[in-house]
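Please keep the sequence and the model at hand while reading.

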Amino acid sequence: MIIARILKDCQGITKNLTQEIKVLETAFNSIVSRSLNLKESSFGYKIADTFSSGGTRSLSPFDGFGVYVSESGKGYPVYWESKSLSEPKSFPMTRLEDHQINYLIKLYNALGDNALCLFLICVDFGRADKRVFVWKNKDLLYIKERKDQKKNILKKEFETLNNFVRVEHSVIDFQRILEM
């Protein structure tokens with residue numbers, strides 16, 4: 001009886017954490033889309049997480065896609081998967097699904113550096129310090145390797161990595177991401 005109660009409580013906690021993560025990631029995806037939609041010639045679109053077709057339920061391959069037109073006028077297709085952390089802490093690679101990283105790698109292999117294939121993690125460091133850590137294109141292979149080896153990204157790594165852009169006025173600077 002006590003064990004059943006503990007299990008039920010744990011399920012409730014897990015459900016609440018999952019909902020909190022979804023809220024954070026929804027807000028972050030809005031920031032990514034908004035950032036792409038700043039220019040008339042650019043756009044960003046968040047794909048629904050699941051959709052049904054003919055009675056079959058499918059998962060989206062990644063979070064969103066769009067086009068970024070750089071300062072030089074060149075257009076880049078953008079494909080992204082995003083995650084969020086409410087504070088600096090370890091990022092469990094189990095939160096990144098195999099199909100998400102695999103589709104981004106396939107797109108990079110097909111399009112090369114003519115596209116921005118991105119894995120983004122937004123970490124809230126507090127006091128309006130939100131950092132978006134960016135792994136793009138060939139860096140996705142490093143993320144896949146870490147996932148395969150079940151090596152989480154540790155809190156101390158987020159504190160020392162410099163592959164990030166800051167969220168400023170609820171947008172991120174795609175020109176900076178392109179130049180990384």
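K144 counts as partly exposed because its relative accessibility is 22%, where partly exposed covers the range between buried (under 20% relative accessible area) and exposed (over 50%), with a 1.4 Å probe and protein chains only. The side chain of K144 meets that of D148 in a salt bridge, 3.2 Å from N to O, a term that here stands for a side-chain nitrogen of Lys or Arg within 4 Å of a carboxyl oxygen of Asp or Glu. Both residues belong to helix α3 (residues 139-148), where they are four residues apart, or about one turn of the helix; helices (H or I, at least four residues) and strands (E, at least two) are DSSP runs numbered from the N terminus. D148 is partly exposed as well, with a relative accessible area of 47%.

## Basis of the model

This is a predicted model, in which local features need pLDDT of at least 70 and side-chain atom pairs count only at pLDDT 80 or more, while totals for chains, interfaces and linings use all residues. Residues are numbered from 1 along each chain as its sequence is written, and side-chain values use heavy atoms, with hydrogens and water left out.

## Salt bridges between separate elements

Across the whole structure, a search finds nine salt bridges. One of them joins the side chains of R95 and E25, at 2.2 Å from N to O. Since R95 lies in the loop between β5 (75-85) and α2 (98-111), and E25 in helix α1 (residues 2-36), the pair ties together parts that are 70 residues apart in sequence. Both R95 and E25 are buried.

D129 forms a salt bridge with R166, and their closest N and O atoms are 3.2 Å apart. D129 is in the loop between β6 (116-124) and β7 (130-136) and R166 in strand β8 (residues 164-166), so this pair ties together parts that are 37 residues apart in sequence. D129 counts as buried at 15% relative accessibility, whereas R166, at 34%, counts as partly exposed. A network of salt bridges links D129, R131 and R166.

## The surroundings of E81

E81 is found in strand β5 and is buried, with a relative accessible area of 1%. Its side chain makes a polar contact with the side chain of K83 at 3.1 Å, a polar contact being a pair of N or O atoms within 3.5 Å, of which, within protein, one must be able to donate a hydrogen and the other to accept it, and residues adjacent in sequence count only if both atoms are side-chain atoms. A polar atom of the E81 side chain also lies 3.1 Å from the backbone nitrogen of D63.

Leaving aside residues up to four places away in sequence, E81 touches several others, among them F62, L96, Q100 and F119, contact meaning heavy atoms within 4.5 Å.
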